[in-house]
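Me: Please help me learn to read a protein model, one feature at a time. I am new to this.

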Amino acid sequence: MPPLDADERTCLASWLDFYRATLVGKCDGLADDQLRAESATPSSMTLLGLLQHMAEVERNWFRRVLAQEDAPPIYTPGPKRSPHDGGFDLDEGSSYDRALRVWGEEVDVARRNCADRAIDASVAFMGGQVTLRWIYTHMIGEYARHCGHADLLRERIDGSTGV
């Protein structure tokens with residue numbers, strides 16, 4: 001649980017880490033075939049796809065946007081997806097071990113890229129400026145939404161609910 005009386009930066013970073021851990025926790029203890037189980041027609045969303053997608057989202061916001069790094073996509077979105085939907089689609093080489101490793105590496109880079117930046121530090125983005133505060137807030141929302149998806153997927157797989 002994030003601290004109840006921390007400064008703004010600690011609070012935001014802690015909530016982001018809480019949701020990161022929640023997503024991984026929803027995947028823990030499942031076999032690869034369970035992690036590949038699709039939600040419900042017509043959605044093809046899977047827990048493994050969510051983890052892969054969040055690695056791509058981490059890379060986008062903390063490397064491409066915040067650090068202005070030229071980081072190529074990790075996963076190529078399928079033909080029916082937007083360029084922002086990388087990771088959702090699975091292939092034969094997709095595995096939890098690989099997805100967890102790649103996601104963990106992106107989280108580590110994200111933490112390093114944030115470590116020495118002020119919360120109100122801004123970078124150029126889409127013709128304007130975006131702050132680290134905004135990126136943290138956006139990422140908390142992104143994880144929270146996908147953790148909700150993960151809750152439903154996990155419950156459908158084995159009945160497990162809760163954090």
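Reply: Happy to! A helix here is a DSSP run of H or I with at least four residues, and helices are numbered from the N terminus. Keep in mind that this model is predicted. After α5 comes Gly159, and its phi is positive, near 85 degrees.

Me: What span should the 27 residues of helix α5 have?

Reply: Count 1.5 Å a residue: helix α5 (residues 132-158) should span 39 Å, and its end C-alpha atoms lie 38 Å apart, which agrees.

Me: Which elements do the buried residues of α5 pack against?

Reply: In general, an α-helix has 3.6 residues a turn, so residues three or four places apart point the same way. In α5, the buried residues include Leu132, Ile135, Tyr136, Met139 and Ile140. The buried residues of α5 pack against α1, α3 (47-65), α4 and β2 (128-131).

Me: How are α1 and α4 arranged as they pack?

Reply: Packed helices are described by the angle and the distance between their axes. Helices α1 (residues 8-27) and α4 (residues 96-115) pack at about 175 degrees, with axes 12 Å apart. That makes α1 roughly antiparallel to α4. The residues of this contact comprise 9 nonpolar, no polar and 4 charged.

Me: And the aromatic rings: how many pairs are there?

Reply: Rings pair if their centres lie within 6.5 Å, and the count is 6 aromatic pairs. Take Trp61 and Trp134: their ring centres are 5.3 Å apart and their planes are at 50 degrees, so the pair is tilted. Trp61 sits in helix α3 and Trp134 in helix α5, 73 residues apart.

Me: Is Trp61 buried or exposed?

Reply: With 10% relative accessibility, Trp61 counts as buried, while Trp134, at 42%, counts as partly exposed.

Terms used:
Residues are numbered from 1 along each chain as its sequence is written. This is a predicted model: local features need pLDDT of at least 70, side-chain atom pairs count only at pLDDT 80 or more; totals for chains, interfaces and linings use all residues. Side-chain values use heavy atoms; hydrogens and water are left out. Axes are lines fitted to C-alpha atoms, for helices over the stretch in contact, and angles run from 0 to 180 degrees between N-to-C directions. Helices (H or I, at least four residues) and strands (E, at least two) are DSSP runs, numbered from the N terminus. Angles under 35 degrees count as roughly parallel, over 145 as roughly antiparallel, 65 to 115 as roughly perpendicular and the rest as oblique. Ala, Val, Leu, Ile, Met, Phe, Trp, Tyr, Cys and Pro count as nonpolar, Asp, Glu, Lys and Arg as charged, and the others, Gly among them, as polar. The expected span of a helix is 1.5 Å times one less than its number of residues. Buried means under 20% relative accessible area, exposed over 50%, partly exposed in between (1.4 Å probe, protein chains only). Contact means heavy atoms within 4.5 Å. Rings of Phe, Tyr and Trp (its six-membered ring) pair if their centres lie within 6.5 Å; planes under 30 degrees apart count as stacked, over 60 as edge-to-face and the rest as tilted.
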